[in-house]
Amino acid sequence: MKTLLVYLICLFPAILMAQDSNPDDRGYKVKLGDQAPNDFKLVLSNGETTSLSKLKGKVVVLQFTASWCEVCREEMPHLEKDVWQAYKDKGLMLIGVDRDEPLKVVQKFAKDMKITYPLALDPAADIFGRFADKKSGVTRNVVIDQQGKIAYLTRLYNEEEFKGMLAAIEKLLK
């Protein structure tokens with residue numbers, strides 16, 4: 001028992017340092033400057049299909065969301081007003097990627113939230129899993145530049161981080 005206790009005491013700082021080695025990770029598999037994964041299609045809730053390849057040349061924001069996520073619901077009106085309505089006619093595409101919910105739930109979610117930006121289906125969270133560990137949570141935005149590289153990442157809804165995302169979008173669209 002004493003040996004186990006000594007082992008844990010010695011190991012604990014190493015575990016903390018490993019977690020701190022990349023404090024901005026937050027469950028992401030991708031990093032700023034990486035080429036965004038684009039080996040998938042986005043099936044929108046209206047039946048249309050698109051892809052990151054088709055959207056090359058635009059600034060793309062992928063909002064990973066779900067109807068059961070309270071933080072997502074808090075952020076969505078800001079995305080609608082401050083991102084979609086502000087920049088949809090200036091070279092930006094915002095797509096909410098709904099994690100593993102059926103079409104009818106996604107359509108009701110968009111209606112309940114009064115959003116006009118498109119939502120895409122993500123069965124089994126396969127698209128989410130290309131950007132973040134599937135065990136990590138939704139409420140994250142991935143901003144992708146015109147060349148398909150990751151330009152900004154958010155996690156949860158934080159006003160300062162959201163303002164940073166808006167500044168990054170503005171800069172990319174100039």
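Visitor: How do you know that the span of helix α5 (residues 159-173) agrees with its 15 residues?

Guide: The expected span is 1.5 Å times one less than the number of residues, which for α5 should give 21 Å. The end C-alpha atoms of α5 are 21 Å apart, so the two values agree. This is a predicted model, where local features need pLDDT of at least 70 and side-chain atom pairs count only at 80 or more, while totals for chains, interfaces and linings use all residues. Residues are numbered from 1 along each chain as its sequence is written, and side-chain values use heavy atoms, leaving out hydrogens and water.

Visitor: Why is E161 called buried?

Guide: Buried means under 20% relative accessible area, exposed over 50%, and partly exposed in between, with a 1.4 Å probe and protein chains only. E161, in helix α5, has 15% relative accessibility and therefore counts as buried. F162, M165, L166, A168 and I169 of α5 are buried as well.

Visitor: What reaches the backbone nitrogen of E160 at the start of α5?

Guide: A side-chain oxygen of N158 does, to within 2.9 Å.

Visitor: Why is I150 called buried?

Guide: I150 has a relative accessible area of 3%, so it is buried by the cut-off above. I150 lies in strand β7. Contact means heavy atoms within 4.5 Å, and leaving aside residues up to four places away in sequence, I150 touches V30, K31, L32, G33, D34, A36, V142 and V143.

Visitor: What makes β6 and β7 a pair?

Guide: Two strands pair if DSSP finds at least two bridges between them. Three bridges join β6 (residues 140-144) to β7 (residues 150-153), and the two run antiparallel. V142 stands opposite L153 in β7. The two strands form a hairpin with five residues between them, and G148 in the turn has a positive phi of about 90°.

Visitor: Which strands are the edge strands of the sheet?

Guide: The open sheet has the order β2-β1-β5-β4-β3-β6-β7, with mixed pairing. β2 (49-50) and β7 are its edge strands, since each pairs on one side only. β2 pairs with β1 (residues 42-44) in the antiparallel sense over two bridges, and T50 is the bridge partner of L42.

Visitor: Where is the pLDDT below 50?

Guide: pLDDT is the predictor's confidence in each residue, from 0 to 100. The protein chain averages 89, and 86% of the residues score at least 70. Over residues 3-23 the pLDDT is below 50, and this stretch has zero contacts in the model beyond near neighbours in sequence.

Methods: Helix = DSSP H or I, 4+ residues; strand = E, 2+ residues; numbered from the N terminus. Polar contact = N/O pair within 3.5 Å; in protein donor to acceptor, adjacent residues only side chain to side chain.
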